[in-house]
Amino acid sequence: MRILRNTLLLSVLLVALSGCTGTSQQDGANAEQLNDGNPAPSFNLVDLEGNQQNLADYAGQKVYVKFWASWCSICLSGMEELNTLAGEDTDFKVLTIVSPDSNAEKSSESFAKWFKGFPDAENITVLLDEGGTFFDEYGIIGYPTSVYIGSDGTLVKSQTGHFSNEEIKASFESIQ
């Protein structure tokens, strides 16, 4: 029984760690996925305040979307920086998406309670993708993943790993 429990615990740990990647810009090119002009999959999700948010609400604007998880240490270590970016006056909107009850994420209620106590996150908009439908549609294979959407609604690129605010802004300089 003890061996079974330890094997199960090890399996859960490996699954959790495999989803959280540590890509930096040096190897970011290997994790970058460019799009050939296809529109970004539209989403209609609820934020932590219960408001519906649709990608169409941002028509004509560039959008940066960060897919992340509460258990991902790399994601959490970048939250203060992301909060700063979301509070700055940029030419793009910053959104984040988590997937409650999917990929080892907390339930919506547990996540919302946990996030309320998260320091330095007042500028971050979190959308809840119940069941991970849009994680699948965007092809998310690791956390964190950055998605860059042009003002025309085109999904320009997707990159797995952490990127600094300067790197994110530099990416948007070449996106219309």
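Helices (H or I, at least four residues) and strands (E, at least two) are DSSP runs, numbered from the N terminus. By that count, the protein chain here has seven helices and eight strands. Keep in mind that this is a predicted model, where local features need pLDDT of at least 70, side-chain atom pairs count only at pLDDT 80 or more, and totals for chains, interfaces and linings use all residues. Residues are numbered from 1 along each chain as its sequence is written, and side-chain values use heavy atoms, with hydrogens and water left out.

Let's go inside. Of the 176 residues in the protein chain, 44% are buried, meaning under 20% relative accessible area, while exposed means over 50% and partly exposed is in between (1.4 Å probe, protein chains only). The largest nonpolar core has 42 residues; such a core is a set of buried Ala, Val, Leu, Ile, Met, Phe, Trp, Tyr and Cys residues joined through side-chain atoms within 4.5 Å. Phe43, Tyr64, Phe115 and Tyr138 touch the most other members. Elements that each supply at least two residues of this core include β4 (62-67), α4 (79-87), β5 (92-98) and α5 (108-116). The largest share, five residues, comes from β5.

Now look at α5. Its residues Ser108, Phe111 and Phe115 are buried. They sit on the same side of α5 because they cover an arc of only 65° around the axis, taking the directions from the helix axis to the C-beta atoms. On the other side of α5, Glu109, Lys113 and Lys116 are exposed. The cover over the buried residues of α5 includes α4, β5 and β6, with contact meaning heavy atoms within 4.5 Å.
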